[in-house]
Amino acid sequence: MRKLIILLLMLGCSLASAQQKFTLSGIVTETATGETLIGVNVIISELRTGTITNEYGFYSITLPEGVYEVVYSSLGFTAKKTVVTLKENIVQNIELAVDAEQLEEVIISADVERASIRAPQMSVNTLTTRTIKSIPVVLGEADVVKSLLLLPGVTNAGEGSSGFNVRGGAVDQNLILLDEATIFNSSHLFGFFSVFNPDAIKDVKLFKGGIPARYGGRVSSVLEIFQKEGNMKKLSFNGGIGAVASRLLAEGPIVKDQAAFLVGGRASYAHLFLPLFNIDNSAYFYDLNTKLNYRINEKNSVFLSGYFGRDLFSISESFVNSYGNAVVSFRWNHIFSDQLFSNLSLIYSDYFYGLELDFVGFEWNSGIQNFNLKYDLKHYITDKLQINYGLNNIYYSFNPGKIKPNSPDSGILEEQLIKKYANESAVYIDVEHEITDALNVEYGLRVSHFIRFGQDEINVYANNNPVLFDPFLLIYQEAEPISVVESSRSDQLASFTNFEPRISASFIFNEDTSIKGSYTRLSQYLHLLSNTSSPTPLDVWTPSGPFVEPQLLDQYAFGFFKNLFNGDYTLETEVFYKDIQNRIDYIDGANLIANNSIEQVILNGEARAYGAELLLRKNTGKLQGWLAYTYSKSEQRTPGRTEGELGINNGAWYNTPYDKPHDVSIYANYELNDKWSFNANGIFQTGRPTNYPIGQFVFQDLVIPYYGLRNLERLPDYHRIDVSATLTPKKNRERKWQSEWVFSIYNLYNRMNAASINFRQNQDTGVNEAVRTSIFGIVPAVTYNFKF
């Protein structure tokens, strides 16, 4: 009996030991620079499990006691294998070396794609800076936003247009984050370039659906961009000289392997040559990227980053337009334990718009500021279960516009449009759960709360109705206020609370095939007031309040994902449906500029979008690239509020200005040899919706056209092909100075795509005629890039 008891005790101890678990954690960095690496796969082959590094290079995985082979891999880096004896918690920091030319890259790319096959996250696209720099664009300037337009489900209003549209959504429905700070205008020179310097960019990720609960505030997409942290090993420089702009970036250690800095500047200079042609106009931009990174110890790191950009456009100094973003973010990473990572962020963001009309005699300034406090935590419970949770609070200050005279005798009276204030707060929890080997789920909840604070003056309307419908003329008209009341900043004019559940799931048939589905609920409390097809800097943001409801989105998506030929090719297909409540619409003839009573010209409507996306990638070999196709519809309507009202457009659904049913894009990169590489992309899009006259009448000897229902017509279809060739001198191998020449041609066959079609009366014949406006034909460019 005694021997039996001893045997049972030994067996129990053995079982307890077998069930004991320990944590392997650490930070993955790049060997040459010390830069932390995002999205590195940490794979435990024996258990067919793994994890990936977060936005700060941190990873953690909890496993049963044992001996394991751990593989660290990321596309473009040499994989590293280590053997770990896990009988206690271990911190293992890893460095990966860049080695894109070795055979391991093929294996790494397969690992990366298999990870995406298994993960429940869908409707996400990631672009590397190498891909962004290789895509031919107008005037040879590498462009983050223009690169996104080659992805399925992403379009814009055309050449020279600001921002981008995702899955039939509006430009203001995209949340754009640079080091977690909000960018309100992502364009330079009215859309010709984006504000993101590719030399300073570390990671670009676009969420089109299945958006995790840590994000909120916009109902269409999240574009998350992180800047590089700075070289901790040595001082280095890189830059480029282009046809219209040049850039230079410096980075290096302050204290080697502990603190680093990054400073990057970019500016255009084409305006300097305009006086040579007796042109008294000017248009230029400049921006500055900065970052400080300090690793206090193994458990604490701090980051201070900033971006400042300005655009200036002037016509003979009588018209001067300037606008730009300024953001600063401070972040503190703290590792509480091997299983708990946290990040505290303090963020300031400012968007400014200025206009000086010297011939009229006044200046105009407007903008939006916000102050953001975020605290995010990630808890690595086991290798099968991770929990993200946190909170954030954003305080907004809106300046719709201030007019002041620019000279004593201008005759203009100074006027400040009523400033508005609001606060948006949220708490969230998001769970990543591997339920079985075949079923992975990510589910969460975000609870958001929005408060519209008091302001100097508030209009009061009869029946609380600022927009009236005339039953005889069958049109909407502005209501006259019956009184004006004052309120203090501490008053609450309106408040909204919304519960935003999210869920994504993947079912894996095998290592190369899976299906995924997601449901996303999002709220948006800010609205961009714009009745043009593409936003302009003059458009202003306004918060939800007594007469403007927050936008609410429900999005459903389903997808099929497959690796083909051992991961050499990948196929991603998705279908989606989006329903948006409270999408604002404008009454006919609405005036949005300098309007102190914007509630008098807007109504709350609804929008919907649906479609299918296909993305076929070739991942390996000398020829790489992708083919993307999207079929989609984007519509909105504003029905009458009562049975007697017609609504906007007779209450019928109509095409949004960004509805483009067919969108095809192709991108190809061919590495001929060490010296030459070639890139090409082609785009075809259905023409943008517009309005053409359906008839005309004569009034006082003037021929006046009249229009029918909204957006029934379309501009001609848009298409073009761009090509580029990159020459890398062979002598680069023997010297510190590395360089390359990029020769590009935008719009190879000189397609004059219509930016707009306007109608006018011919002065000679008196007949109305259509006039097409195009922005770019064929545009060759040369860019010289260097680093040392």
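Residues are numbered from 1 along each chain as its sequence is written. The model is predicted, local features need pLDDT of at least 70 and side-chain atom pairs pLDDT 80 or more, while totals for chains, interfaces and linings use all residues, and side-chain values use heavy atoms, without hydrogens and water.

User: Why is the contact of Glu 35 and Lys 202 called a salt bridge?
Analyst: The term requires a side-chain nitrogen of Lys or Arg within 4 Å of a carboxyl oxygen of Asp or Glu. For Glu 35 and Lys 202 the N to O distance is 3.8 Å, so the pair qualifies.

User: What makes this pair a tie between separate parts of the chain?
Analyst: Glu 35 lies in the loop between strand E1 (21-30) and strand E2 (41-44), and Lys 202 in strand E16 (residues 201-207), so the parts joined are 167 residues apart in sequence. Strands (E, at least two residues) are DSSP runs, numbered from the N terminus.

User: How do you know whether Glu 35 is buried or exposed?
Analyst: Buried means under 20% relative accessible area, exposed over 50%, and partly exposed in between (1.4 Å probe, protein chains only). Glu 35 has 6%, so Glu 35 counts as buried. Lys 202, at 19%, also counts as buried.

User: Which residue forms a salt bridge with Arg 637?
Analyst: Glu 606, with the closest N and O atoms 2.6 Å apart.

User: Why is Arg 637 called partly exposed?
Analyst: Because its relative accessibility is 27%. Glu 606, at 22%, also counts as partly exposed.

Definitions and conventions. Helix = DSSP H or I, 4+ residues; strand = E, 2+ residues; numbered from the N terminus.
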